[in-house]
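Have the 3D view open as you read.

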Amino acid sequence: MSHSDSSALAALAKTAFAGIDGRQLTNKDRMTLPVQDMPCQDPAVRAHNMSEVAVGYTEEQARVEAARCLQCKNAPCVAGCPVAIDIPGFIGLIAKGDYRGSADILRTANLLPAICGRVCPQEKQCQEPCTLGKALKGVDKAVQIGRLERYVADLERASGGAPLPAVAPSTGKRVAVIGAGPAGLTVAADVRREGHEVVIFEAFQKPGGVMVYGIPEFRLPKAIVREEAEKLEAMGVMFELNTLVGRTRPLGALLKEDGFDAAFIGVGAGLPKFMDIPGENLVGVFSANEYLTRANLMRAWDKSHAATPIYPSKRVAVLGGGNVAMDSARMALRLGADEVRVLYRRTREEMPARAEEVGHAMEEGIIFDFLSSPTEVLGNDKGVVTGLRVMTYRLGDPDESGRRSPVAIEGSEHDVAFDTVIVAVGNESNPLIAKTTPGLNVDRKSHVLVDANQKTSLEAVWAGGDIVLGAATVILAMGEGRRAAAAINGYLKGK
Ligand code: FAD
Ligand code: SF4
């Protein structure tokens, strides 16, 4: 097919559902429509600013991308979505230009579509089983469901946002939600709608969890998260910020002394893991959590307004191969580093980070040292980082995760100069709540144990999100929140 044929089809796709051209697209036509790329800021420019990297589809692109959807009867994409959004339904309405109707469909299943459209790993969820992607032999050729979700959600935001959900008359029942991440915010919305009083207790000074302190502004503008929290406030949800449950007040006291009828634990997995190598306590070594929290939550990047000091870095090493490592590396570049290198023990193929994020990082000039990992952090006599002793690896046989495991090459150790090291090798559950709540069953990693309805071992206490799953995703945390809220509402009805 020539380029002009495909452009003519794209023009037709834009109008076909409105009936202007009088010709409907066939499935064969749809399969020849080009995937619509996401317009992005120029890498050389965006590497030095905090504005969002992806700027979003134009209306024309959204209509053409929506017209690629084959409207499959069995819709395998829906089965791949953790909250079962009616994907052909919302995309079909975009193709027809009915954006409000499309947003209505999205919102029935997903409380945070503008956020999920930006950060969900669609290539492993809804887009992975997409019939079109399978037919065209590449998940990158699947219908770009996340980009379309973002388009509709942004249009709705720009037009003043969705109407506030109705709140039932007061029941007099009170629910404590611990943690204001996506799991806690979802529970709060669904429980408040039934007329119960909801108080969210949050350790930090802003609600949003990792969406605020972890994922950087250039991937997820904080204004979007703030709007969602404001919506909850407008529905009557109350926030008790700067409150660390388990230290400021134990969970048991909320239920037994403060008059709460039920509680939800959504405290995430905010405890950083380290490599356990010599020198990790030197000045200039950060956990990715601390580094990103300073930059995001305390706006260290906004040097002329924020009081948060930033560590002056010129040569930065980031250890790890996941999304957190990509965010840290790209943040370090934006905070002024001259050179940022990601050290990862395997190769690009085994990296757990989203392919799109790795691609963006590479475009921005981040250097990847694959098959490399440090055995020691080197420092000077003042206790300050001067570099890393790095071992080189080769790939051996697959391990239990199915990925080929790294095998150290004897005698390959060499020293590389760095002034900053960011450790991004994973997060674990914070054991505070488990330690201060007698009778709450957890596993050996302090993950709270729950049944199929997110109910814990304690009467009137539910849990969900990363504190149950280990470090997972926003949409999985929301899905668990939804399930827990339904169970809490059922419990309070019967009480
Ligand atoms: P969290 O978001 O961690 O929220 C928990 C909240 O509880 C926090 O605000 C915390 O301060 C509060 N809290 C903790 N202890 C207490 C206490 N004792 N008392 C009161 N409050 C407490 N997922 C994606 O889907 N896409 C991505 O692109 C993505 N990128 C990521 C990038 C980074 C840097 C990180 C760290 C994670 C990323 N994730 C991503 C994962 C995702 O953000 C999490 O899976 C999700 O936020 C978990 O939600 P949650 O509600 O369970 O917990
Ligand atoms: Fe559309 Fe792909 Fe879902 Fe089929 S599987 S309905 S083509 S998004």
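The text below looks at the ligand site and then at a hairpin.

This is a predicted model, in which local features need pLDDT of at least 70, side-chain atom pairs count only at pLDDT 80 or more, and totals for chains, interfaces and linings use all residues. Residues are numbered from 1 along each chain as its sequence is written, chains are lettered from A and ligands numbered from 1 in the order in which they are written, and side-chain values use heavy atoms, leaving out hydrogens and water.

**The ligand site**

Around ligand 1 there are 33 residues, counted when one of their heavy atoms lies within 4 Å of it. Among the closest are Arg 219, Val 245 and Asp 466. The table lists polar contacts, meaning pairs of N or O atoms within 3.5 Å.

| Residue | Protein atom | Ligand 1 atom | Distance |
|---|---|---|---|
| Val 119 | backbone N or O | nitrogen | 2.6 Å |
| Glu 202 | side-chain N or O | oxygen | 2.6 Å |
| Ala 472 | polar backbone atom | oxygen | 3.2 Å |

Taken alone, ligand 1 exposes 1,000 Å², and the protein buries 94% of that; these areas come from the Shrake-Rupley method with a 1.4 Å probe. Helices α11 (182-192), α12 (210-213), α16 (323-334) and α20 (474-494) each give at least two residues to the shell. Helices are DSSP runs of H or I with at least four residues, and strands are runs of E with at least two, numbered from the N terminus.

**The hairpin**

Strands β11 (residues 385-398) and β12 (residues 404-408) pair in the antiparallel sense over 4 bridges; pairing requires at least two DSSP bridges. Arg 394 stands opposite Val 407 in β12. Between β11 and β12 lie 5 residues, and Gly 402 in this turn has a positive phi of about 90 degrees.

Technical notes: A polar contact is a pair of N or O atoms within 3.5 Å; within protein, one must be able to donate a hydrogen and the other to accept it, and residues adjacent in sequence count only if both atoms are side-chain atoms.
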